[in-house]
Amino acid sequence: MNKQTLIDFESKVANLFNSSNIRAPIHLHGGNEDELLQIFSSITKDDWVFTSWRSHYHCLLKGVDANRLLADIVNGMSISLVYPEHKIYSSAIVGGIIPIALGTALGIKKLNLNQKVYLFVGEMTAETGAMIEAHKYSVGHDLPITFITEDNSKSVCTETSSVWAIDAPT
């Protein structure tokens with residue numbers, strides 16, 4: 001998997017959506033391919049990935065077959081993709097995946113397994129109490145979880161900085 005393959009996949013999804021071949025919500029990635037390729041170079045097949053509804057790149061980088069993924073997206077599952085055999089789970093519920101990821105990390109620690117959890121959230125979710133509490137708990141209990149915030153500066157169609165009444169990041 002490389003940057004252009006990721007971009008081409010999302011372009012195909014966008015074209016299918018814009019031509020009404022996908023009749024369900026989607027959330028496209030874009031602009032963070034290099035960073036994700038770097039992060040996923042450390043993620044193994046035994047590690048767990050939890051993500052929000054912006055999950056196409058995560059699924060591809062975790063090893064989900066592109067044709068299967070595309071078929072699931074066309075069938076309306078874009079914002080709730082789950083592939084247990086690849087240990088990747090997504091949820092369209094804002095913050096809903098956080099406690100699941102945290103519980104998985106706690107289970108890994110209690111069972112003394114050699115696995116890690118990677119939790120991807122958007123910058124709006126990163127500001128929620130659920131995320132802050134999960135991070136605090138994971139640090140306090142030294143859990144094998146990495147929190148990754150993907151910032152596209154948007155809360156649906158509103159600038160994140162406007163929502164929180166803060167200066168935009170530079």
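Which residue in β4 is the bridge partner of Phe-50? I looked this up before anything else. It is Leu-119. I keep in mind that the model is predicted.

**Entry: strand β4**

I turned to β4 itself, residues 117-122. I asked how many of its 6 residues are buried. The count is 5, so the strand is largely enclosed by the rest of the structure.

Next I checked what β4 pairs with. Strand β1, residues 48-51, pairs with β4 in the parallel sense. I found 3 bridges there.

I found α6, residues 129-140. Together, β4, α6 and β5 make a β-α-β unit, and the unit is right-handed.

**Entry: aromatic rings**

I went on to the rings. The structure has 4 aromatic pairs. One of them joins Trp-48 and Tyr-89. Their centres are 6.2 Å apart, with 20 degrees between the planes. I logged the pair as stacked. Trp-48 sits in β1 and Tyr-89 in strand β3, residues 88-90. The two are 41 residues apart, so I noted a link between distant parts of the chain.Are these two residues buried or exposed? Trp-48 has a relative accessible area of 19%. The cut-off for buried is under 20%, so Trp-48 is buried. Tyr-89 has 22% and is partly exposed.

I then took up the rings of Phe-50 and Tyr-89. Their centres lie 5.7 Å apart. Their planes meet at 20 degrees, so this pair is stacked. Phe-50 is in β1 and Tyr-89 is in β3, 39 residues apart. This pair, too, links distant parts of the chain.

I checked Phe-50 for burial. Its relative accessibility is 1%, so Phe-50 counts as buried.

**Entry: putting the rings together**

Which residues do the ring pairs link into a cluster? They are Trp-48, Phe-50 and Tyr-89. I close on Phe-50, where both entries meet.

Terms used: Residues are numbered from 1 along each chain as its sequence is written. This is a predicted model: local features need pLDDT of at least 70, side-chain atom pairs count only at pLDDT 80 or more; totals for chains, interfaces and linings use all residues. Side-chain values use heavy atoms; hydrogens and water are left out. Buried means under 20% relative accessible area, exposed over 50%, partly exposed in between (1.4 Å probe, protein chains only). Helices (H or I, at least four residues) and strands (E, at least two) are DSSP runs, numbered from the N terminus. Two strands pair if DSSP finds at least two bridges between them. A crossover is right-handed if, with the strands pointing away from the viewer, the path from the first strand over the helix to the second runs clockwise. Rings of Phe, Tyr and Trp (its six-membered ring) pair if their centres lie within 6.5 Å; planes under 30 degrees apart count as stacked, over 60 as edge-to-face and the rest as tilted.
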